[in-house]
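This report describes a structural model in plain terms for a reader new to the subject. Please look over the sequence and the structure before reading on.

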Amino acid sequence: MNNDKNTKLKILIADDDKDIQLLYEEGLSSDRYEKRIVGNGNDVLKLYKSWHPDIIVLDITMPIMSGYQALGKIKELESTGDIKKRAVIIMATAMSDEDDIMDCIKLGIHGYIVKPFSYKKISNQILDYYYKNELR
Amino acid sequence: MMDDKNEKIIVSVDVDIKELMPGFLLNRQKDIKSIKEALEHNDYYNIQIMGHSMKGSGSGYGLDTISDIGTSLEKAAKERNSEDIKNLVNELSDYLGQIKIIYE
């Protein structure tokens with residue numbers, strides 16, 4: 001975890017919808033973050049290994065590799081020790097997809113965001129999950 | 001008597017996303033074309049994906065109606081209900097034609 005609240009938090013966001021990506025850009029435009037935004041789970045796995053994000057936000061429904069599939073791979077990487085710094089994992093999903101979220105909770109996530117979200121509130125939501133899990 | 005479709009629907013949206021709005025609305029216009037094409041090919045899966053996407057983004061841009069239409073579109077595509085899909089595309093088209101956004 002990144003314990004220094006003055007240093008930038010590295011946040012990796014995965015969502016294939018360009019309109020949603022722009023809302024994340026707007027909502028997380030503070031200097032508090034260093035952001036990377038990708039459109040599929042494959043890119044998440046590459047950046048998890050090479051860029052070492054503090055937070056990963058994963059949309060469940062994505063092409064090539066879904067957020068759910070990526071979460072499974074992330075858990076594998078973490079269990080084999082291939083990841084030196086574990087990230088706080090937050091899933092993003094539509095309101096009606098409660099079953100999907102339950103599946104993700106079973107695999108192990110730190111929180112979830114319900115879409116559509118308010119870009120004005122998204123930063124606080126993410127930071128809440130981050131600091132709650134930092135204290136554990 | 002005035003045709004309802006000529007009446008403007010006024011929606012207030014945060015000025016912070018003013019620059020993003022034209023692109024978002026243009027993408028929904030593209031969705032209309034894409035959904036019609038997909039329907040011609042009975043490609044209900046892609047219609048479902050487009051509905052899902054609208055559902056997840058509309059209210060984020062302050063346009064709840066887009067999310068509502070997306071929700072219904074996703075459901076209609078899952079049920080392979082072409083009549084409902086056609087009606088929803090018309091509804092979306094009308095909405096985009098009538099909407100007047102005020103930035104505050």
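## Basis of the description

This is a predicted model, in which local features need pLDDT of at least 70 and side-chain atom pairs count only at pLDDT 80 or more, while totals for chains, interfaces and linings use all residues. Residues are numbered from 1 along each chain as its sequence is written, and chains are lettered from A and ligands numbered from 1 in the order in which they are written.

Helices (H or I, at least four residues) and strands (E, at least two) are DSSP runs, numbered from the N terminus.

## A helix pair in chain A

Helix α2 of chain A covers residues 41-50 and helix α3 of chain A covers residues 67-80. Their axes lie 9 Å apart and the packing angle is about 25°. Here axes are lines fitted to C-alpha atoms, for helices over the stretch in contact, and angles run from 0 to 180 degrees between N-to-C directions. The helices α2(A) and α3(A) are therefore roughly parallel to each other; angles under 35 degrees count as roughly parallel, over 145 as roughly antiparallel, 65 to 115 as roughly perpendicular and the rest as oblique.

On the side of α2(A), the contact is made by A:Gly41, A:Val44, A:Leu45 and A:Tyr48. From α3(A) come A:Gly67, A:Gln69, A:Ala70, A:Lys73, A:Ile74 and A:Leu77. Two residues are in contact if their C-beta atoms, placed from the backbone, lie within 7 Å. By class, this contact has six nonpolar, three polar and one charged residues, where Ala, Val, Leu, Ile, Met, Phe, Trp, Tyr, Cys and Pro count as nonpolar, Asp, Glu, Lys and Arg as charged, and the others, Gly among them, as polar.

## Other features of chain A

Helix α4 of chain A, residues 98-107, is hardly covered: one of its ten residues is buried. A residue is buried if 20 or more other C-beta atoms lie within 10 Å of its own, exposed if 12 or fewer, and partly exposed in between, with C-beta atoms placed from the backbone. After α4(A) comes A:Gly108, which has a positive phi near 110°. In helix α5 of chain A lies A:Tyr131, an exposed residue with 12 other C-beta atoms within 10 Å. A:Tyr131 and A:Val88 are separated by 43 residues in sequence, and by 9.3 Å in space from C-alpha to C-alpha.

Most residues other than glycine have a negative phi, and most peptide bonds are trans. The bond from A:Lys115 to A:Pro116 is cis, with omega near 0°. A:Pro116 sits in the loop between β5 (111-115) and α5 (122-134) of chain A.

A:Ile64 has a positive phi, near 65°. This residue belongs to the loop between β3 (55-59) and α3 of chain A, and A:Ile64 counts as exposed because it has 12 C-beta neighbours inside 10 Å. In chain B, phi of B:Asn42 is positive as well, near 50°. B:Asn42 is placed in the loop between α1 and α2 of chain B and is exposed, with 10 other C-beta atoms within 10 Å.

## Chain B as a whole

How many helices and strands does chain B have? Chain B contains four helices and two strands, which follow the pattern β-α-α-α-α-β along the sequence. The C-alpha trace of chain B spans about 40 × 35 × 20 Å along its principal axes. Of its 104 residues, 33% count as buried.

Helix α3 (residues 64-78) and helix α4 (residues 82-98) of chain B pack at an angle of about 165°, with their axes 9 Å apart. That makes α3(B) roughly antiparallel to α4(B). Their crossing is left-handed. Residues in this contact include B:Ile69 and B:Leu73 of α3(B) and B:Leu88 and B:Leu92 of α4(B). The contact divides into eight nonpolar, two polar and two charged residues.

## Where the chains meet

The contact between the chains takes 14 residues from chain B and 13 residues from chain A. In chain B, α1 (21-40) and α2 (44-57) each supply at least two residues of the side that touches chain A. The most is given by α2(B), with five residues. By class, this side of chain B has three nonpolar, nine polar and two charged residues.

Terms used. Left-handed = near helix turned anticlockwise from the far one by under 90°.
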